[in-house]
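My entries are kept in the order I made them.

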Amino acid sequence: MCDAFAAALAEWPQSGIPRTPEAWLLTVARRKLVDAARRRQTGEEAAPTLTLLADEFEEAAGAEAAIPDERLRLMFVCAHPAIDSGVRAPLILQTILGFDAAAIGSAFLVAPATMGQRLVRAKSRIRQTGIAFRVPERADLPERLEAVLEAIYAAFTEGWSDPAGTEARRRNLAEEGIWLGHLVVSLLPDQPEALGLLALMLHAEARRAARRDAEGEFVPLGAQDPARWDEALIAEAEALLLAASRMSSPGRFQLEAAVQSAHAARRLSGRTDWAAIVQIYDALLALTGSVVVAINRAVALAEVDGPEVGLKVLDALQDDGRLAQYQPLWAARAELLARLGSAAAAREAYTRAIGLEADPAVRRYLQGRLTSDGRDDAPASA
C-alpha cells in the first residue's frame with residue numbers, strides 16, 4: 001500500500017482526487033502487487049495466481065469488506081475449499097507473502113523440488129477447473145481458517161529464526177505474523193485456534209531478547225534468564241490461552257502455546273515442569289502425528305525419564321527421510337548421546353547439526369558443545 005499512496009501523492013495534484021479514492025488506492029496496490037511479484041525471484045511462479053485474484057481484489061475494493069486488511073483478505077481467498085487442503089497454506093506463502101519453494105519446503109519438511117511441483121499442480125488445477133475466487137463472507141471464514149493460521153505461523157517462524165534481524169528476507173516477518181494474528185483474532189474472537197496461535201507467537205516473541213547474550217551468542221531456552229523475558233507479552237499470551245481453553249475445543253496451536261506457557265512458568269517457580277510438558281506433547285502427538293512434535297517430546301522425556309529413553313525415541317525416528325537434513329534432530333541426538341557418555345557418536349551428531357545450521361551464533365554454540373561434550377574423556381551428565 002505504501003507504493004499506492006506514493007502514486008496518489010504524485011498523480012492526484014495533477015489529475016484531481018478520484019471519485020472513490022479507496023478503490024483507486026486498492027486498484028493501484030493490486031497492480032503493483034502483481035508487478036512486484038513478476039520482478040522478484042518468486043514472481044514468475046506467483047504471478048499467475050495473483051492475476052487470478054486481481055479481478056476479485058479490484059471488485060471488492062469499492063465495497064465494505066468483511067476483512068478490512070487487503071493482505072489478510074487475499075490469504076482467505078487463497079484458502080479456497082476447492083483447493084487441496086495440503087497446498088492451501090503453501091499457496092498463501094508463495095502468492096501473498098512472497099516465499100520461494102525452498103523456504104516453503106523447509107517450513108513443511110518437504111524438499112523444495114517436491115513443494116514446487118505441488119504448487120505447480122495446484123495452480124494448474126485452479127486454471128483447469130476455473131475455481132471462482134471471491135472474498136468470503138464472514139460466516140465462511142472459519143472453514144478457511146486452518147490454512148491461514150498455518151501460513152501466518154510459517155511466516156512468523158521464518159522471522160523468529162533470525163533474532164537479530166540481519167537478513168533482509170526475514171526481517172519483520174515475526175512482527176508481521178503477530179500483526180496478522182491480532183487481525184484474525186479481532187475478526188474471529190470465538191475461534192480458539194486463532195487465540196491459540198496468537199498466544200503461541202507472543203510466548204515465543206517474549207523470549208526474543210533472551211536468545212542472545214551481551215556478545216550476541218546463542219542462549220538455549222534452559223539457560224535463558226527469565227528476567228529478560230517480556231512480562232507484558234507473556235501476560236497477553238496467557239490471557240489468550242485461558243480464553244481459548246474456556247471454549248473446550250483444543251487444537252494444535254493451543255497445545256503448542258500450552259507448552260510455551262509451561263516453559264514461561266519457570267520465571268515464577270524457578271523450575272521447568274517437564275512432566276507436564278511431556279503430557280502436553282503426548283496430546284499434541286496424538287492430534288497431529290508430527291515428527292517435529294515427536295522430537296520435542298523425546299527431549300522432554302529425556303528430562304523426566306533419562307537420556308536413554310529420549311534417545312530411544314529419536315532412534316525410532318531416524319528412518320524418516322524428511323529428517324535427514326533436519327538440524328534439531330541431530331542437535332537433540334548429540335546432546336543426549338553426550339549425556340550418556342557416548343563421545344564418538346555425540347561428535348558425529350554434533351558435526352551433522354553444525355553442517356545443517358545456517359545461524360552463525362547457533363553454529364558457534366554447537367561447536368562449543370562439540371568441543372566440550374564430544375571429547376572421548378567427556379563425563380556423562382544427568
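**Ground rules.** I am working on a predicted model, where local features need pLDDT of at least 70, side-chain atom pairs count only at pLDDT 80 or more, and totals for chains, interfaces and linings use all residues. Residues are numbered from 1 along each chain as its sequence is written, and side-chain values use heavy atoms, with hydrogens and water left out.

**Whole chain.** I counted 19 helices and zero strands in the protein chain. These are DSSP runs numbered from the N terminus (helices H or I, at least four residues; strands E, at least two). Of the 382 residues, 49% are buried. I use buried for under 20% relative accessible area, exposed for over 50% and partly exposed for in between (1.4 Å probe, protein chains only). The chain exposes about 18500 Å², and carbon and sulfur atoms supply 52% of that area. Accessible areas come from the Shrake-Rupley method with a 1.4 Å probe, and for residues only the protein chains shown count as cover. I also looked up contacts (heavy atoms within 4.5 Å). Among contacts with a separation of 6 or more, 62% join residues 24 or more positions apart.

**H5 against H7.** How do H5 and H7 pack, by angle and axis distance? Helix H5 (residues 85-95) meets helix H7 (residues 112-129) at about 95°, and the axes are 10 Å apart. That makes the two helices roughly perpendicular, a class that covers 65 to 115 degrees (under 35 is roughly parallel, over 145 roughly antiparallel, the rest oblique). The axes are lines fitted to C-alpha atoms over the stretch in contact, and angles run from 0 to 180 degrees between N-to-C directions. From H5, the contact uses Val87, Pro90, Leu91 and Gln94; from H7, it uses Met115, Arg118, Leu119, Ala122, Lys123 and Ile126. I sorted these residues into seven nonpolar, one polar and two charged. Ala, Val, Leu, Ile, Met, Phe, Trp, Tyr, Cys and Pro count as nonpolar, Asp, Glu, Lys and Arg as charged, and the others, Gly among them, as polar.

**H12.** Helix H12 (residues 252-264) has 13 residues and should span 18 Å at 1.5 Å a residue; I found its end C-alpha atoms 19 Å apart, which agrees. The expected span is 1.5 Å times one less than the number of residues. Twelve of the 13 residues of H12 are buried, including Phe253, Glu256 and His263. The cover over them includes H8, H10, H11, H13 and H14.

**H17 and Ala331.** H17 also reaches 19 Å from its first C-alpha to its last, close to the 18 Å expected. Eleven of its 13 residues are buried, so H17 is largely enclosed by the rest of the structure. I picked Ala331 in this helix, which is buried at 18% relative accessible area. Leaving out residues up to four places away in sequence, Ala331 touches Ala353 and Leu366.

**Positive phi.** Is Leu109 buried or exposed? Leu109 sits in the loop between H6 and H7, has a positive phi of about 55° without being a glycine, and is buried at 17%. Ser248, in the loop between H11 and H12, has a positive phi of about 55° and is not a glycine either. Ser248 is exposed, at 63% relative accessibility. Just after H17, I noted Gly341 with a positive phi of about 85°.
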